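Open the model in your viewer and switch to a cartoon view.

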Amino acid sequence: MPPKLSFVSRIRWLLLAVALPGALSAADLQIAHVTIVSPERVSPMRDAFVRVHDGRIVAIARASDATAQSSTDTIAIDGSGLFLAPGLIDSHVHLGGIPGMTPEQEAQHPDIAKAARDQIPRSYLLYGVTTLIDLISTPQELARWKSHDLVPDTYFCGGAALMDGYAMNYAPKPQRYQWWPYMLIEPGTQAPDGIDPAVHTPQAVVSRMKADGAICVKTFFERGFGGVRDLPVPKLETIREVVKVAHAAGMPVLMHANSDEAQRFGLDAGVDIMAHGLWNWSQEHSTTSEVTPGIKRILDDELAQNVGWQPTMQVLYGLRDLFSTSFLSDPRLSRVLPSNLIDWYRSPEGQWFRVALAQEVKFPADANPSQLERLFNERFAAVIDRGEHATAYVVARHGRILFGTDTPSAPTYANPPGLNGWLEMHRLIDAGETPAQIFRSATLTNAQALKLDRDIGTVQVGKRANLLLLRQDPTQTIDAYAGISKVILNGRVLDLSELAANTAH
Ligand SMILES: [Zn+2]
């Protein structure tokens, strides 16, 4: 906000901001003597001058050639010693709920829920994420998410689940048929009472999503896991039809697929993006986690078809770390979650999913927390190793890796908003991805995959001013995202103190 607004215009500005969330442009902004780091550049542009007007970049020049305009409604930043990078894009999140809390629990704890819902959007910004893609949403859910004052730019995919298949199986009947408006009903299947199968064909579903404002289609191939293993899966011709009509509508298709069977199916159907890494290996009989010939064939075909690939390694850690005896004491958690929510996670009620998981795998009822931690570390070791090895294989061959965290991947508190992306980056480094590759996959590659690159993904004239001012070069170290100086969202400059939890905003 410009510093010299009168009280009255401040009030008017606030009212406008409430009436038109996201539509209001910030003051003009100019950043001088900054080093631009952007994925389309072969090398950084040093001592640059960048001007932002109406939330977009309007000029980039050498600082020595630029004439800085001074007026009262221009914010000037001296970028000496700082790096200017595009804001990050997380292309796989779920924003409808509060991690680890069921809707019923949310209704019972309105104060905690309110604090959480106010904080969660800020926590993504805190770690440099200025754009989110919710892979399963609706216009109503998105409107609720966007009703807060500081929210990353957010887009959504419609979730085209097969009727009663994954992931709509978790919702009770018959409400699930309302909550999943884009479900697919295949010919010859009995539709539920009151549901017209003609509005659940691939063509009808994709057209409706598109009209609702979705930019992408999310599909699923999952027979189940844990206690559920016999879910119906779509026919190949169904998903081929989804891909055909989605492409005709200009929408990429993402598929939930983390097994060899599912990723082979996705390849055959021609989907654009695998929304997970490949960690469930059915041909695997030994304890080895080295990539087997069968897994290699799938990964090689994905590389040949240039399929987008989201490793989402934190999915597995988000389950394992529920059993960590130290996770909830991590000081980084108190920067992204309100303290009353962290306290609730510690309560017997907040531990519900942890208890459910332990029961599901039939661990000894008398196991103490550190025994459970060890048991779950052992249990997840092989699948984590497989996910890491498959990711390393794709990374080493320069596959089209897309940065997506799947936050939260389950009702777990161990995928905390914002921080989960930072943790995912560490998993990617472990799998051999370089900071420069992570930077590209979280900016330009994601923007291109979701067809948003006209607006975001680089620091270039004409693009939206979703930018990060960093103290380190993000192509050299991921620590750059832990040392953010300022986040710029559609031209609005945000201090980290405005974004962190448990500070007076
Ligand atoms: Zn997901």
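Select helices α7 and α8: α7 passes α8 in a right-handed crossing. This is a predicted model.

Now show side chains at this contact. On α7, pick L236, I239, R240 and V243. On α8, pick F265, D268 and A269, which complete the contact.

Next, draw the axes. α7 covers residues 236-248. Its axis lies 9 Å from that of α8, and the two helices pack at an angle of about 50°. The pair is therefore oblique. The cut-offs behind that word: under 35 degrees would count as roughly parallel, and 65 to 115 as roughly perpendicular.

As for handedness, α8 passes α9 in a left-handed crossing.

Show side chains here too. From α8, select D260, Q263, R264 and L267. From α9, select I295, R297, I298, D301 and E302, which they meet. Colour by class again: this contact of α8 with α9 has five charged residues, three nonpolar and one polar.

Finally, display α8 with both partners. Towards α7, look for F265, D268 and A269. Towards α9, look for D260, Q263, R264 and L267. The crossing with α7 is right-handed, whereas the one with α9 is left-handed.

Definitions and conventions. Residues numbered from 1 in each chain as written. Predicted model: local features only at pLDDT ≥ 70, side-chain atom pairs only at ≥ 80, totals over all residues. Heavy atoms only, no water. Left-handed = near helix turned anticlockwise from the far one by under 90°. Helix = DSSP H or I, 4+ residues; strand = E, 2+ residues; numbered from the N terminus. Contact = heavy atoms within 4.5 Å. Nonpolar A, V, L, I, M, F, W, Y, C, P; charged D, E, K, R; others polar. Axes fitted to C-alpha atoms, helices over the stretch in contact; angles between N-to-C directions. Parallel < 35°, antiparallel > 145°, perpendicular 65-115°, else oblique.
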